[in-house]
Amino acid sequence: MSHDTIPLDDAGAVDPSLPSDPSRRFWVASACAVGGVAGAATALPLVTSFAPSDRARAAGAPVEVDISGIAPGEMKTVEWRGKPVWILRRTEAQLASLNGLDSQLADPASDRPGYTPEYAKNEYRSRNPEFFVCVAICTHLGCAPTPHLNSGAQPGLPASWPGGFFCPCHGSTFDLAGRVFSNKPAPDNLEVPPYSFSSDNTKITIGVDENNQA
């Protein structure tokens with residue numbers, strides 16, 4: 001059809017929905033076509049954005065962490081399955097502070113199910129007393145506790161504070177093994193994720209242990 005041909009409706013009359021000038025009809029039709037193509041091109045990136053990212057695909061994968069550079073008394077935070085995980089290298093004094101706290105703790109032996117692997121059901125809640133690994137999420141309502149590793153009085157903490165972790169949302173407190181103190185909102189100790197040490201003890205793989213293989 002040429003640009004000057006006037007389209008008719010089924011009754012043979014000129015289509016009233018189009019401009020009377022043929023050249024204007026041509027440009028209106030062209031603009032609509034171009035607009036349709038542009039709309040499709042704009043929609044493509046939006047649809048593509050819903051595809052899983054590489055990071056999302058790897059969210060459940062084990063995470064290997066070099067711990068050789070963590071000095072005694074220092075802590076490293078890594079991400080595993082979208083959660084923050086703390087790796088604390090405890091000093092001799094910090095390990096000693098765990099002794100004698102049982103009477104102040106809600107679950108000193110980590111007997112409650114679901115938060116502690118069998119190999120961490122000890123005073124240190126760890127495979128290796130020097131290193132403590134836990135998920136940095138309060139077991140009350142999922143807030144983020146803050147580390148207060150030094151002993152002694154601090155804002156919001158008693159003068160007898162032995163060192164540990166404090167949840168600012170509702171006041172739950174945990175010792176340096178992530179064990180929750182009694183009469184606090186948090187119902188359980190901090191979660192210990194599955195993990196294992198490398199043969200030379202310079203790396204920790206989070207997400208892998210005897211029951212969770214990569």
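Asp-107 is buried (under 20% relative accessible area, against over 50% for exposed and in between for partly exposed, with a 1.4 Å probe and protein chains only), yet this aspartate goes without a salt bridge. A salt bridge here takes a side-chain nitrogen of Lys or Arg within 4 Å of a carboxyl oxygen of Asp or Glu. The nearest side chain of opposite charge to Asp-107 belongs to Arg-112, 4.4 Å away; for charge, Lys and Arg count as positive and Asp and Glu as negative, with His and the chain ends not counted. The model is a predicted one, in which local features need pLDDT of at least 70 and side-chain atom pairs count only at pLDDT 80 or more, while totals for chains, interfaces and linings use all residues. Residues are numbered from 1 along each chain as its sequence is written, and side-chain values use heavy atoms, with hydrogens and water left out.

Asp-107 sits in the loop between helix H3 (92-96) and strand E4 (131-135). Helices (H or I, at least four residues) and strands (E, at least two) are DSSP runs, numbered from the N terminus. What the Asp-107 side chain does reach is backbone: the nitrogen of Asp-111 at 2.9 Å and that of Arg-112 at 3.2 Å. Such polar contacts are pairs of N or O atoms within 3.5 Å; within protein, one must be able to donate a hydrogen and the other to accept it, and residues adjacent in sequence count only if both atoms are side-chain atoms. Residues up to four places away in sequence aside, Asp-107 touches Arg-112, Arg-179, Val-180 and Asn-189, contact meaning heavy atoms within 4.5 Å.

Neighbours within four places in sequence left out, Asp-188 is in contact with Arg-112, Tyr-115, Thr-139, Phe-174 and Val-180.

Now for the sheets. Strands E2, E3 and E4 form an open sheet in that order, with antiparallel pairing; two strands pair if DSSP finds at least two bridges between them. E2 (75-80) and E4 stand at the edges with a single partner strand each, so one side of each has no neighbour in the sheet. From one strand to the next the twist averages 20°, taken between axes that are lines fitted to C-alpha atoms, for helices over the stretch in contact, with angles from 0 to 180 degrees between N-to-C directions. E2 pairs with E3 (residues 83-89) over 6 bridges, with Met-75 opposite Leu-88 and Trp-80 opposite Lys-83. The two strands make a hairpin with 2 residues between them, and Arg-81 in the turn has a positive phi of about 55°.

Another open sheet has 3 strands in the order E5-E6-E7, also antiparallel. Here E5 (146-148) and E7 (173-175) are the edge strands, each with a single partner, so one side of each is left without a neighbour in the sheet. The twist in this sheet averages 25° from one strand to the next. E5 and E6 (residues 164-166) are joined by 3 bridges, and Thr-146 stands opposite Phe-166.

Taken overall, the protein has 3 helices and 9 strands, following the pattern α-α-β-β-β-α-β-β-β-β-β-β along the sequence. Of its 214 residues, 35% count as buried. Among contacts with a separation of 6 or more, 52% come from residues 24 or more positions apart.
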